[in-house]
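Please open the model in your viewer and display the backbone together with the side chains. The stops below are given in the order in which they may be selected.

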Amino acid sequence: MTSQPIDWAERFSERMNRVRASEIRELLKLLDQPDILSFAGGIPDPGLFPAERIQADYAAILADPALAAQALQYSVSEGYLPLRAWIAERMTRDGMPCEPTNIMLTAGSQQALDLIGKLFIGPGDTVVVARPTYLGALQAFNGYQPAYRDLPEGALRGEPTDLPRGALGYFVPDFANPTGVSLTLEQRQALLEMANALDMTLIEDAAYRELRFEGEATPTLLALDIAQSGGVDNARTLFLGTLSKTLSPALRIGWVCGPKTVIEKLVLLKQGADLHVSTINQMVAHRAVSEGYDQHLHRLRGAYGHKGRVMLAALERSMPEGVTWSHPEGGMFVWIDLPEGMEGATLLARAIEEERVAFVPGAPFFAEVPSANAIRLSYSLPTDAQIEEGVGRLARLIRRVTAE
Ligand code: PMP
């Protein structure tokens, strides 16, 4: 008997309607050719991974029978207590006094975004995001069928908005992906005031906060919120941290910090999702950050700061009039606004073909009203020489396209 082919698409749940393959991930697959200079991958420079340190930490844990027994065993969904205590202390020093009970470990901050979506977003609920915003957050939230609203421009100047009450707001205040731009203190205050007035829940994604290479740190949204509300348990802001950009993304160590009432619910969701973050990875991460972490961060800031400045100088030297770009003080990204009418996606196809240079087109980073004439460049992976050569090629192409 021959059976009918199964129509899988028809069987998938309705929430899958918005879940699609990321254009960026599809595109990154094409970039393995060695002659392409790529500014596309926004991932840490592997040359900066503390591999020896991590090797020594795994070895020390596995060599000790009691530690090995613990490290290779199941553990609690909240996360390894010494690591949560280290995080709480570090956040307290960064203006966000909190206890280990305010913190839950997640498999990178990406999992925190998913669990937060599950906890807060029902079909049609409003999620407010920046224009543009982190694509991975949109991917995590999409499965919960939100209605997106772009943050109105005036909101950051304290102007009233037409946003509904009770929405979830997601923001990357420090060195955002994809723009590299940070919110000023005044903008953070305006955002918090808006959230207070509209009774919003704020998600602060601080993935790049530790990678400041210029200027002074600005208080986090959660710090401002705690100062006003009297404590993290009264705050409306959930803070997402990660060791992915500083130690290693493969360890999959991220966290949520927020009111205990919210953390308790997230712990139940985490339990249902995957029980807990890898015990041995949490123990290794704890050992790795317990000693010499600040020197390590100093080295990272030096390295990314250097490459960021090389890219900004190259853009200054070679880009034609009509092209503008962000001036990041940290993180891994520069956002380029192309001349009116020049599409990022079209430019990419030609850039790969004609100049063997790649980047990420800006359009997928917009949630509500798209904008096509922008691109994202990352300086985290290429060498100085590659940055200079690649920016030169890109500028040559933009000039050529403008002249056509
Ligand atoms: N937030 C932002 C803004 C990011 O850029 C990334 C990584 N691309 C993440 C969260 C997720 O990182 P991880 O899950 O490795 O912590």
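Select Gln 145 first. This residue is partly exposed, because 18 other C-beta atoms lie within 10 Å, whereas a buried residue would need 20 or more. Gln 145 sits in the loop between α7 and β4 (147-150). Its phi is positive, near 55 degrees, although the residue is not a glycine. Please note that this is a predicted model.

Next, select Asp 199, in the loop between α8 and β6 (201-205). Here too a residue other than glycine has a positive phi, of about 55 degrees. Asp 199 has 11 other C-beta atoms within 10 Å and is therefore exposed.

Two proline residues follow. Select Arg 131 and Pro 132: the peptide bond between them is cis, with omega near -5 degrees. Pro 132 belongs to the loop between β3 (126-129) and α7 (135-142). Then move to Asn 177 and Pro 178, which are also joined by a cis peptide bond, with omega about 20 degrees. Pro 178 is placed in the loop between β5 (168-171) and α8 (185-198).

Keep Asn 177 selected and display the ligand. Asn 177 is among the residues that come nearest to the ligand, along with Gly 108, Gln 110, Thr 242 and Ser 244, out of 13 residues around it. This shell comprises 4 nonpolar, 8 polar and 1 charged residues. The element that gives the most to the shell is α6, with 3 residues.

Now select helix α10, residues 260-274. Its 15 residues should span 21 Å at 1.5 Å a residue, and the end C-alpha atoms are 21 Å apart, so the two values agree. Which residues of α10 are buried? They are Val 262, Ile 263, Leu 266 and Lys 270. These four lie on the same side of α10, because they cover an arc of only 90 degrees around the axis. On the other side, Thr 261, Glu 264, Leu 268 and Gly 272 are exposed. Display β2 (103-106), α6 (108-120), β7 (237-242) and β8 (254-257) to see what the buried residues of α10 pack against. After α10 comes Leu 275, with a positive phi near 70 degrees.

Finally, display the whole protein chain, with its 14 helices and 13 strands. For 404 residues a compact globule would have a radius of gyration near 22 Å, and the chain agrees, with 22 Å. Its C-alpha atoms fill a box of roughly 70 × 65 × 50 Å along the principal axes. Buried residues account for 45% of the 404 residues.

Terms used:
Residues numbered from 1 in each chain as written. Predicted model: local features only at pLDDT ≥ 70, side-chain atom pairs only at ≥ 80, totals over all residues. Helix = DSSP H or I, 4+ residues; strand = E, 2+ residues; numbered from the N terminus. Expected span 1.5 Å × (residues − 1). Buried ≥ 20, exposed ≤ 12 C-beta atoms within 10 Å, placed from the backbone. Arc of directions from axis to C-beta. Contact = placed C-beta atoms within 7 Å. Rg over C-alpha atoms; globule rule 2.2 N^0.38 Å. Near = placed C-beta within 6 Å. Nonpolar A, V, L, I, M, F, W, Y, C, P; charged D, E, K, R; others polar.
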